[in-house]
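Have your viewer ready and your selection tool at hand. We will take a short walk through this model, one selection at a time.

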Amino acid sequence: MVSVVQNVAIDCANAYELARFWSEVTGCPMHPEDRPGDDETQVLLPQGPLLHFNQVPEPKTVKNRFHLCLRPETSRDEEVGRLLGLGATFVADRRDPDGTGWAVLADPEGNEFCVLRSEAERAATTP
């Protein structure tokens, strides 16, 4: 027997607003019943688990030990620019001169995530 991952739970101060940010990031809808002020909200990903946002009273205090890695359809750098425009902040540059690596960003509540190279970028640098 095995367990199936139902959702990825993200603690936050404002469940609706953070779900709205991640809905824009992924291009996926929020649950149709979610409303501003809800303590729990969801982003409905087409494959895999849901993103489930839980409103909690305590603030984030340290680096995430678990984070999302995004593989954009456009170039990594274009996607970093788009995400910064949505309200993400730049945390660390792990991009290498040869085009490999990733960028570390944080969502509006400080939860870190990575932006990887697109499949096309990977194919262009794979021998």
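Start by selecting N54 together with A9, I10, D11, C12, D39 and E40, the residues it touches once those up to four places away in sequence are set aside. Keep in mind as you look around that this is a predicted model. N54 sits in strand β3. Is N54 buried or exposed? Its relative accessibility is 18%, so N54 counts as buried, the cut-off being under 20%.

Next, select α1, residues 15-26. This helix has twelve residues, and from first C-alpha to last it reaches 16 Å, close to the 16 Å expected at 1.5 Å a residue. Now colour its buried residues: A15, Y16, L18, A19, F21, W22, S23 and V25. What covers them? Bring up β1 (7-12), β2 (40-43), β3 (50-55), β4, α2 and β7 (112-115), which are among the elements that do. As you look down the helix, remember that residues three or four places apart point the same way, because an α-helix has 3.6 residues a turn.

For the last stop, show the largest pocket, with a volume of about 500 Å³. Of its 18 lining residues, select V25, T26, L70, R71 and P72, the closest to the pocket's centre. Colour the lining by class and you will find eleven nonpolar, two polar and five charged residues.

How values were computed:
Residues numbered from 1 in each chain as written. Predicted model: local features only at pLDDT ≥ 70, side-chain atom pairs only at ≥ 80, totals over all residues. Heavy atoms only, no water. 1 Å grid on protein atoms, 1.4 Å probe; cavity = no way out; pocket = protein on both sides within 12 Å on 5 of 7 lines; lining within 4 Å. Points joined across faces, edges and corners; volume = space filled by probe spheres on them. Helix = DSSP H or I, 4+ residues; strand = E, 2+ residues; numbered from the N terminus. Nonpolar A, V, L, I, M, F, W, Y, C, P; charged D, E, K, R; others polar. Expected span 1.5 Å × (residues − 1). Buried < 20%, exposed > 50% of the residue type's maximum accessible area, 1.4 Å probe, protein only. Contact = heavy atoms within 4.5 Å.
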